[in-house]
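Subject: A structure to look through

Dear colleague,

I am handing over a structure for you to look through, and my notes on what was found in it follow below. Please keep the structure open beside the text while you read.

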Amino acid sequence: MILTFLDDLQDHRRAQGRRYELKFIILFTIMALLSNAKSYRQISSFITRHYKTLNKEFELEWKKCPAYTTVRNIIQGVDPKEIEACFRAYSQSLLNMDISDTEIAVAVDGKVLRGSYDHFEDKKAIQVLSFFEIGQGLILAHEKIDEKTNEIPVFQRLIKEIGLKNVVYTLDALHCQKKLLT
C-alpha cells in the first residue's frame with residue numbers, strides 16, 4: 001500500500017507539534033483530490049465528512065479532525081522532490097515485472113498546464129514531461145520542464161533516474177532532432 005512509501009517522507013514539524021501523522025494527511029489529501037477537492041478547505045471537509053470511516057480503517061487516535069489551516073501547513077511543508085520520489089517508488093513497485101525478458105512500453109510526452117501562465121508577472125506557462133507505462137496504465141514519473149530548455153534534457157535525465165530495463169519508449173517528433181542538448 002502507498003502508506004509504506006509515504007513513511008519515507010521527512011516530517012518538517014517539531015516532534016511536539018505532531019498531532020496528525022504526515023502519512024495520513026498526505027493519503028487523505030490524495031483521497032480528497034480524487035474525490036474532486038480543489039482547496040485546503042475541501043480537503044479538510046472531506047476528512048471531517050469521512051472521519052468515522054477513516055478512523056476505523058486506519059486505527060487513528062485523533063481527538064478531532066484537522067482544520068484546513070493545519071492541513072495547509074502540513075502539505076506546504078512537504079518537500080516536492082521527496083513526495084515525487086515516494087510516488088515514483090510506489091509506481092515502480094506496482095509494475096508487474098516478474099518476467100525480465102518482457103519489454104515494457106512507456107509513452108513520454110510533454111504538456112503545457114492550462115491556465116499556468118501569468119501575463120502580469122510575465123511568466124510563461126508551465127510545461128510538464130510525463131512517463132506513462134502503457135500496459136498497466138501507470139504514471140511512472142512527471143517533472144516540470146525549465147523555461148530555458150525543452151523536453152529532451154529532462155527526458156534524458158529521467159531515463160537514468162528511473163533506471164528501468166527492457167523498455168521501449170515512444171516519444172513525439174520533438175525527440176527526432178539531430179542536435180540534442182546534453
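Leaving aside its neighbours within four places in sequence, tyrosine 90 is in contact (heavy atoms within 4.5 Å) with Met1, Ile2 and Phe5. Please bear in mind that this is a predicted model, in which local features need pLDDT of at least 70 and side-chain atom pairs count only at pLDDT 80 or more, while totals for chains, interfaces and linings use all residues. Residues are numbered from 1 along each chain as its sequence is written, and side-chain values use heavy atoms, with hydrogens and water left out.

Tyrosine 90 lies in helix H6, where helices (H or I, at least four residues) and strands (E, at least two) are DSSP runs numbered from the N terminus. With a relative accessible area of 22%, tyrosine 90 is partly exposed; the terms here are buried for under 20% relative accessible area, exposed for over 50%, and partly exposed in between, with a 1.4 Å probe and protein chains only. Threonine 170 is 80 residues from tyrosine 90 along the chain, and their C-alpha atoms are separated by 22 Å.

Helix H6 covers residues 80–94, which is 15 residues, and reaches 21 Å from its first C-alpha to its last, close to the 21 Å expected at 1.5 Å a residue (the expected span being 1.5 Å times one less than the number of residues). Which residues of H6 are buried? They are Ile83, Glu84, Cys86, Arg88 and Ser91, and what covers them includes helix H1 (2–6), helix H2 (22–34), strand E3 (138–145) and helix H7 (151–162).

**The chain as a whole**

The protein chain has seven helices and four strands, and from the N terminus on its elements run α-α-α-α-α-α-β-β-β-α-β. Its C-alpha trace spans about 60 × 50 × 30 Å along its principal axes, and buried residues make up 33% of the 182 residues. Among contacts between residues at least 6 apart in sequence, 58% join residues at least 24 apart.

Two packed helices are described by the angle between their axes and the distance between the axes. Axes here are lines fitted to C-alpha atoms, for helices over the stretch in contact, and angles run from 0 to 180 degrees between N-to-C directions.

The axes of helix H3 (residues 40–49) and helix H5 (residues 68–76) come within 8 Å and cross at roughly 110 degrees. H3 and H5 are therefore roughly perpendicular to each other, a term used for 65 to 115 degrees, whereas angles under 35 count as roughly parallel, over 145 as roughly antiparallel and the rest as oblique. On the H3 side the contact is made by Tyr40, Arg41, Ile43, Ser44 and Ile47, and on the H5 side by Tyr68, Val71, Arg72, Ile75 and Gln76.

The axes of H2 and H5 come within 10 Å and cross at roughly 105 degrees, so H2 and H5 are also roughly perpendicular to each other. Leu22, Ile25 and Thr29 of H2 make this contact with Val71, Ile74 and Ile75 of H5.

**Two residues with positive phi**

Asparagine 36, in the loop between H2 and H3, has a positive phi of about 80 degrees although it is not a glycine. Glutamate 59, placed in the loop between helix H4 (51–58) and H5, has a phi near 50 degrees, again a positive value in a residue other than glycine. Is glutamate 59 buried or exposed? Glutamate 59 is exposed, with a relative accessible area of 67%.
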